[in-house]
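Trainee: Hello! Could you walk me through this structure, one question at a time?

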Amino acid sequence: MVNYLLQNMSQNRVNAIAVLVSFGLTFLAIECFKDKLPQDHGRQFAVNGALSKGKARGAGLLFVICMALVSLAFVPFSIEILIYMVLMLASMLSGYLDDAADKPWNEYKKGLIDFIIAVVAGATYLYFNGTTVHFLAWSFELPYLVYLLLSVVLIWAAINVVNCTDGVDGLSGVLSMVTMGTFLLAFGEELGWFSTVVLVVMASVAAYLWRNASPSTVMMGDAGSRALGFFVALLSMKSGHPFAFLLAAIVFILDGGLGILKISLKRFLKIWILKETRTPLHDHARKNCGWSDAQVVIRFALLQGLASALLLLLVID
């Protein structure tokens, strides 16, 4: 219906309206329903984790639903976009149920859910887009099973590194916006209609950040971070440049990924690395370097901005 009403407008005008609707709807949803969200119990093991006790947790439930609804309203309907929105909602829901649970979910249970979502997303992408990969100035075809395996690894890893980075007011939200903006600037033409979805998601995250800016009153929880991780991975695939994720999301990779690597090596191989470094790195920066929460967000965003500038330098003629 909305597409029919907007069909005579330019794409830029449609995008502008979609951004305003996404921001407004998300802002209203959070204002109206934040008191209905589960409360955070405070995490004693995290730096300043106890300060979160009593805050509304799981706001990802609200902004991800808004993202999906506005995307489906403003983007030409296709089975592909419908599947992606359902999978993003599934990522959100698995995180929200964990947020709302009295006892945190088992890591293996969440990992299995992430794996299933990644397989379905990867297979869907390959069915509608093929196996062509762009890397800087080169383009090549990957065997189907190789691309499917790489896409599963990418999506699973993105969900988890973004989730691990969500430990400072505003950090995951700001970094995700920088990463999504990077893909828009570098590969806007390749993204086509998906650019509208990216703008919708960025607008929704921006509305959430109004309440999540330090000191926050609401937190996205696993509901938001897992969905954002899924979307950023999907975005890198839809751009046709999945390897660009390594630079466009390098702060996510280092901040959240090092912690996952450290724990995995210790648990499964009895190998201890980074003994003197707290992980995620945002905890190390606050505890060992004396950075404030605001300094962490701004400096991590600046580092990501520099890495994004390097990516733009490499891919833009």
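Trainee: How many residues lie between strand 2 and strand 3 in their hairpin?

Mentor: Happy to start there, and please keep in mind that this is a predicted model. Strand 2 covers residues 132-135 and strand 3 covers residues 138-141, and they pair in the antiparallel sense over 4 bridges. In the turn, Leu 136 has a positive phi of about 55 degrees. The number of residues between the two strands is 2.

Trainee: Which helix supplies the largest share of the nonpolar patch?

Mentor: The nonpolar surface patch is about 1,000 Å², and Phe 140 belongs to it, as do Leu 136 and Leu 313, among others. Strand 3, helix 6 and helix 13 each supply at least two of its residues. The largest share is 3 residues, and it comes from helix 13.

Trainee: Is Leu 313 buried or exposed?

Mentor: Leu 313 sits in helix 13 and is one of the patch residues. Exposed means a relative accessible area over 50%. Because Leu 313 has 66% relative accessibility, it counts as exposed.

Trainee: Let's go inside now. Which residues have the most contacts inside the largest nonpolar core?

Mentor: In soluble globular proteins, nonpolar side chains tend to be buried together. The largest nonpolar core here has 78 residues, and helix 9 (residues 221-238) gives the most to this core, with 10 residues. Apart from it lies another core of 5 residues, including Val 14 and Phe 74. In the largest core, the residues with the most contacts are Phe 194 and Phe 230.

Trainee: Why does Ser 91 count as buried?

Mentor: Ser 91 is part of helix 4 (residues 79-100). Beyond its neighbours within four places in sequence, Ser 91 is in contact with Ile 117, Ile 159, Arg 226, Ala 227 and Phe 230. Buried means under 20% relative accessible area. Ser 91 counts as buried because its relative accessibility is 1%.

Trainee: Arg 226 came up there. What is the distance between the closest N and O atoms in its salt bridge with Asp 114?

Mentor: Side chains of opposite charge can pair when their charged atoms come close. Arg 226 and Asp 114 are both buried. In their salt bridge, the closest N and O atoms are apart by 2.4 Å. This pair links distant parts of the chain, with Arg 226 in helix 9 and Asp 114 in helix 5, and the separation is 112 residues. So that the value you asked for comes last, here it is again: 2.4 Å.

Trainee: How many residues apart in sequence are the parts tied together by Arg 211 and Glu 31?

Mentor: The side chains of these two meet in a salt bridge at 2.7 Å, N to O. Arg 211 lies in helix 8 and Glu 31 in helix 2, so the pair ties together parts whose separation in sequence is 180 residues.

Trainee: Which residues do salt bridges with shared partners join into one network?

Mentor: A search of the whole structure finds 10 salt bridges. Arg 211 counts as partly exposed, at 25% relative accessibility, and Glu 31 is partly exposed with a relative accessible area of 25%. The network is made of Glu 31, Lys 34 and Arg 211.

Terms used. Residues numbered from 1 in each chain as written. Predicted model: local features only at pLDDT ≥ 70, side-chain atom pairs only at ≥ 80, totals over all residues. Heavy atoms only, no water. Buried < 20%, exposed > 50% of the residue type's maximum accessible area, 1.4 Å probe, protein only. Contact = heavy atoms within 4.5 Å. Pairing = 2+ DSSP bridges. Core = buried A, V, L, I, M, F, W, Y, C linked by side-chain atoms within 4.5 Å. Patch = residues over 30% accessible without salt bridge, like charges linked within 9 Å, V, L, I, M, F, W, Y side chains within 5 Å. Areas by Shrake-Rupley, 256 points an atom, 1.4 Å probe, with all protein chains shown as cover. Salt bridge = Lys/Arg side-chain N within 4 Å of Asp/Glu carboxyl O.
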